[in-house]
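Open the model in your viewer and keep the sequence panel beside it. This tour tells you what to select at each stop and what you will find there.

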Amino acid sequence: MNETESKLREIILKTARMDLIEETENLFLDPECDLMVDFGLDSLLMVELVVDIESAFDIEFGLEDLDIEVLKKYNELLKYINDHKG
């Protein structure tokens, strides 16, 4: 696991108010990991997550990038961060 992935997992768990345990670690390994379903994030928590990601990775989501179907998928979100961070 690289630094970006580790930091993203930490942000997600903080937002979901969860601890890193084996069960949550296994959720990240699922290629279909859905942050809203698997971590219980609602739309307000998704906004908080986006703000925290922007701050942590020094990136800015454009309006065209705020597609909930992409943002709620862990692997898609990780790919977006890797593609846009400096």
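**First stop: Arg 9**

Select Arg 9: its relative accessibility is 6%, so it counts as buried. Keep in mind that this is a predicted model. Arg 9 sits in helix H1. Now show what surrounds it. Leaving aside neighbours within four places in sequence, Arg 9 is in contact with Met 1, Glu 25, Phe 28, Leu 29 and Tyr 74.

Stay on H1 and select Glu 5, which lies in that helix. Is Glu 5 buried or exposed? Its relative accessible area is 17%, and the cut-off for buried is under 20%, so Glu 5 is buried. Beyond its neighbours within four places in sequence, Glu 5 is in contact with Tyr 74 and Leu 78. Tyr 74 is also on the contact list of Arg 9.

**Zoom out: the whole chain**

Switch to a cartoon view. How many helices and strands are there in the chain? Count six helices and zero strands. From the N terminus on, the elements run α-α-α-α-α-α. The radius of gyration is 12 Å, close to the 12 Å that the globule rule gives for 86 residues, so the chain is as compact as a globular protein of that length.

Along the principal axes, the C-alpha atoms fill a box of roughly 35 × 25 × 20 Å. Colour by accessibility next. Of the 86 residues, 38% count as buried. Then turn to contacts between residues at least 6 apart in sequence: 56% of them join residues at least 24 apart.

**Helix H6: one buried face**

Select residues 74–84, which make up helix H6. Show the side chains of Tyr 74, Leu 77, Leu 78, Tyr 80 and Ile 81, which are buried. Look down the axis of H6. The buried residues fall within an arc of 160°, so they line one face of the helix.

What do the buried residues of H6 pack against? Select each partner in turn: helix H1 (3–16), helix H2 (22–29), helix H3 (35–38), helix H4 (43–57) and helix H5 (68–71).

Setting aside residues up to four places away in sequence, Tyr 80 touches Ile 59, Glu 60, Phe 61, Gly 62 and Asp 65. For a distance check, draw a line from the C-alpha atom of Tyr 80 to that of Met 36. These two residues are 44 apart along the chain, and their C-alpha atoms are separated by 17 Å.

**H1 against H4**

Hide everything but H1 and H4. Two packed helices are described by the angle between their axes and the distance between the axes. H1 and H4 pack at an angle of about 145°, and their axes are 10 Å apart. H1 passes H4 in a right-handed crossing.

Show the side chains that make the contact:

- From H1: Thr 4, Lys 7, Leu 8, Ile 11, Ile 12, Lys 14 and Thr 15.
- From H4: Leu 45, Glu 48, Leu 49, Asp 52, Ile 53, Ala 56 and Phe 57.

Colour them by class. The contact of H1 with H4 has eight nonpolar, two polar and four charged residues.

Arg 17 is not a glycine, yet it has a positive phi of about 55°. At 62% relative accessibility, Arg 17 counts as exposed.

Asp 19 is in the loop between H1 and H2 too. Its relative accessibility is 62%, so Asp 19 counts as exposed. Not counting residues up to four places away in sequence, Asp 19 touches Leu 13 and Thr 24. Now pick Cys 33, 14 residues from Asp 19 along the chain; the C-alpha atoms of the pair are separated by 17 Å.

**Last stop: Asp 58**

Move to the loop between H4 and H5 and select Asp 58. What is the phi of Asp 58? It is positive, about 55°, although Asp 58 is not a glycine. With a relative accessibility of 70%, Asp 58 counts as exposed.

Terms used:
Residues are numbered from 1 along each chain as its sequence is written. This is a predicted model: local features need pLDDT of at least 70, side-chain atom pairs count only at pLDDT 80 or more; totals for chains, interfaces and linings use all residues. Side-chain values use heavy atoms; hydrogens and water are left out. Buried means under 20% relative accessible area, exposed over 50%, partly exposed in between (1.4 Å probe, protein chains only). Helices (H or I, at least four residues) and strands (E, at least two) are DSSP runs, numbered from the N terminus. The arc is that of the directions from the helix axis to the C-beta atoms. Contact means heavy atoms within 4.5 Å. Axes are lines fitted to C-alpha atoms, for helices over the stretch in contact, and angles run from 0 to 180 degrees between N-to-C directions. A crossing is left-handed if the near helix is turned anticlockwise from the far one by less than a right angle, and right-handed if clockwise. Ala, Val, Leu, Ile, Met, Phe, Trp, Tyr, Cys and Pro count as nonpolar, Asp, Glu, Lys and Arg as charged, and the others, Gly among them, as polar. The radius of gyration is taken over C-alpha atoms; the globule rule is 2.2 Å times the number of residues to the power 0.38.
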